[in-house]
Every structure is written in C-alpha cells, then in structure tokens.
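Good morning, and thank you for joining this group meeting.

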Amino acid sequence: MTGSKTAAMKAGEAHVRTYLGTPTDLKQDAVRNIAAGLKETLADVFALYIKTKNFHWHMSGRHFRDYHLLLDEQGEQIFAMTDPMAERARKIGGTTLHSVGEISRLTKVADNDAEYVTPEDMLAELREDNLALTTRMRAVHALCDEGNDVATASLLEVWIDETERRTWFLFEATRPAFGSNS
C-alpha cells in the first residue's frame, strides 16, 4: 500500500471513531478485525437469505409442501441473524454493511439465477452454503477469542448451532437412500 493510501485509511478510521465510535474495552485491532469479520459474515447471511427465499418461492415437485415450509422456516431463522449481527459490530465500535453493492462485493455465497433448479439441487446447494457459513462464523469466533470478545463469541456460538441444524436438515433431505452418508 502506498503512503497516501495508508494515510487516507488512517484518517478514515479516525473519522469513523469520532462519529460512529462506541466506547469499548476491546483493543482497536480486535474491534477492526471482529467488525470486518462480522461485516463479511453478514454479507453471506443476506445473500443466503435471498437464495433461501428464491428457492422457497420456486420450489416444485412431490415434496413441495415439506420443502417449501422448510425453506420458509430456514429463511426466517437466517434473516433473524441480520440485525443482531450488524448491531454487534456497532456495539463494539465498528461499522457494518452500507449497501447491496457492498453485500455483493463481500459475500462468498454464489448467486443462482437459473429459471429452474430441481428441488434436490436447491437443497444440496443450500446445504453447502450453510456449511460454508459455519466455516466463516468459526473464523470470526477465532478472532473473538484472540480479542477477548466473549459477547460476540457467544452470539456466534448460537448462530453456528442454528446453521449446523439447517445443514443437518438439508443433508437429511438430500440423502440418496435411507442410511447412506455419501
């Protein structure tokens, strides 16, 4: 990074601390790293919410009712994470998402704009997306451990558990045969 970019970033950080900063006993590096991790995770959460609702709205087939209701329930659970996650970043003195464009730049959840996706492929794709979200949340949890942010870690533990449950349900719904784990 050039000297002028570094100076501009430091000036921007000082501006944010002045106008958006929140008192905290966490170290600034911890706040910056944890807030950045929460912001990236939140981008994934919003993208996963939209994808889950997309598949909910476009579900078809003989298991329509069960899958439609499953994805509606999962969408509600995913959306319920958004406000507490964003507010947690602000509580510790960080910032959070500002726009749809920022979500698009930060998310690792791939879009699916296909006109038709089979129910099995929908569930398998969401299973893998939830599994990846768990991995991302564990990485942020590690940042919390390093920065001694037990409150954010506690929230992440609940969200990881919920995400693992979604992954489990999607896994069970996509098994090729009873008892098969492959």
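This is a predicted model: local features need pLDDT of at least 70, side-chain atom pairs count only at pLDDT 80 or more; totals for chains, interfaces and linings use all residues.

How many nonpolar, polar and charged residues does the lining of the largest cavity have? Residues are numbered from 1 along each chain as its sequence is written, and side-chain values use heavy atoms, with hydrogens and water left out.

Now to the cavity. By class, its lining has one nonpolar, two polar and four charged residues. Here Ala, Val, Leu, Ile, Met, Phe, Trp, Tyr, Cys and Pro count as nonpolar, Asp, Glu, Lys and Arg as charged, and the others, Gly among them, as polar. A cavity is a set of points, on a 1 Å grid over the protein atoms alone, where a 1.4 Å probe fits but cannot get out, and lining residues have an atom within 4 Å of a point. The count comes to one cavity of 30 Å³ or more, and the largest cavity holds about 50 Å³ of space. Volume here is the space filled by probe spheres set on the points, and grid points are joined across faces, edges and corners. The lining consists of E73, Q74, Q77, E162, R165, R166 and F169. Helices are DSSP runs of H or I with at least four residues, numbered from the N terminus.

How do these two helices pack? Axes are lines fitted to C-alpha atoms over the stretch in contact, and angles run from 0 to 180 degrees between N-to-C directions. The contact of α3 with α6 has 13 nonpolar, three polar and five charged residues.

Next, consider α2 (residues 28-57) and α3 (residues 64-91). Their axes come within 9 Å and cross at roughly 160°, and α2 and α3 are therefore roughly antiparallel to each other. Their contact residues divide into 15 nonpolar, seven polar and three charged.

Finally, the axes of α3 and α5 (residues 119-147) come within 12 Å and cross at roughly 20°; α3 and α5 are therefore roughly parallel to each other. In this contact (heavy atoms within 4.5 Å), Y67, L71 and M81 of α3 meet P119, L123, L126 and M137 of α5. These residues divide into seven nonpolar, no polar and no charged.

Notes
Helices (H or I, at least four residues) and strands (E, at least two) are DSSP runs, numbered from the N terminus. Angles under 35 degrees count as roughly parallel, over 145 as roughly antiparallel, 65 to 115 as roughly perpendicular and the rest as oblique. On a 1 Å grid over the protein atoms alone, a cavity is a set of points where a 1.4 Å probe fits but cannot get out, and a pocket is an open set with protein on both sides within 12 Å along at least five of seven lines; lining residues have an atom within 4 Å of a point.
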